[in-house]
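I opened this notebook to keep track of the disulfides, and I wanted each pair looked up in turn.

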Amino acid sequence: MSIRVGSFFNILIQGGFAREPELTPDALALDLCHEFGHGYGGEPLDKSNIEPFSLEGQDDYYGAKICMPQILKTFSNPLEDSEVTPFMQKKCAEFAHSDSEKALICVRQLAAALSLTQFFEAYRRKQGVIETPASFETPSTVVVNSTLQNYPPPKCRLDTYLAGTLQLPRPSCWYWE
């Protein structure tokens, strides 16, 4: 949760959140980047608050595009082989153009995105919402006719993390121009 009062911006995290089994340390960092996005993510904004915040989809995009690459340059956390898929390796190799550090950061971001998305899916299952598990290989086919004001579904959030990581435009499953 993010709270902004004037020039002060605070992030509150419940202690149990960091101990959720689906979350890796990098996934927790991505969630923190999402929270930073509320204050620093830019347009589109939720202007219904006294202090406008970036919308949830924009927070995910900012987190992956701007915040996570900076965090991962200084945050040492080795990946488990089980966290990395051939899709991640291929996309990140294409994105990094032979820059091994950039490729590793990209793979870590995508692994974090998948971990965080699996947490969102587990949370929704507990609420009785059953969805096909999100996958990078099957992009969302949803096209909105106005920008979503609330949280996008987990699949759309995964697509947003992918787009931010690979420096692509925001996906149409939540963003409408």
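I take a disulfide to be a pair of cysteine sulfur atoms within 2.5 Å. The model is predicted, and I treat what follows as computed from it. With that cut-off I looked up C156 and C173, whose sulfurs lie 2.1 Å apart and which are therefore joined by a disulfide. The torsion about their S-S bond is 85°, and I noted this link as right-handed. I placed C156 in helix 5 (residues 154–165) and C173 in the segment after helix 5, so that the pair links distant parts of the chain, 17 residues apart. Both cysteines, C156 and C173, are buried.

Next I went to C33 and C67, which a disulfide joins with an S to S distance of 2.2 Å. I found a torsion of about -65° about the S-S bond of C33 and C67, so this disulfide is left-handed. Because C33 lies in helix 1 (residues 25–40) and C67 in helix 2 (residues 56–74), the pair ties together parts that are 34 residues apart in sequence. I recorded both C33 and C67 as buried.

I then turned to C92 and C106, which form a disulfide with their sulfur atoms 2.0 Å apart. Their link has -75° about the S-S bond and is left-handed. I located C92 in helix 3 (residues 86–96) and C106 in helix 4 (residues 100–126), distant parts of the chain that the pair links across 14 residues. Both C92 and C106 are buried.

Lastly I checked the count, which comes to three disulfides by this rule, and I wrote down their pattern as 1-2, 3-4, 5-6, with bonded cysteines counted along the chain.

Note on methods. Residues numbered from 1 in each chain as written. Predicted model: local features only at pLDDT ≥ 70, side-chain atom pairs only at ≥ 80, totals over all residues. Heavy atoms only, no water. Helix = DSSP H or I, 4+ residues; strand = E, 2+ residues; numbered from the N terminus. Buried < 20%, exposed > 50% of the residue type's maximum accessible area, 1.4 Å probe, protein only.
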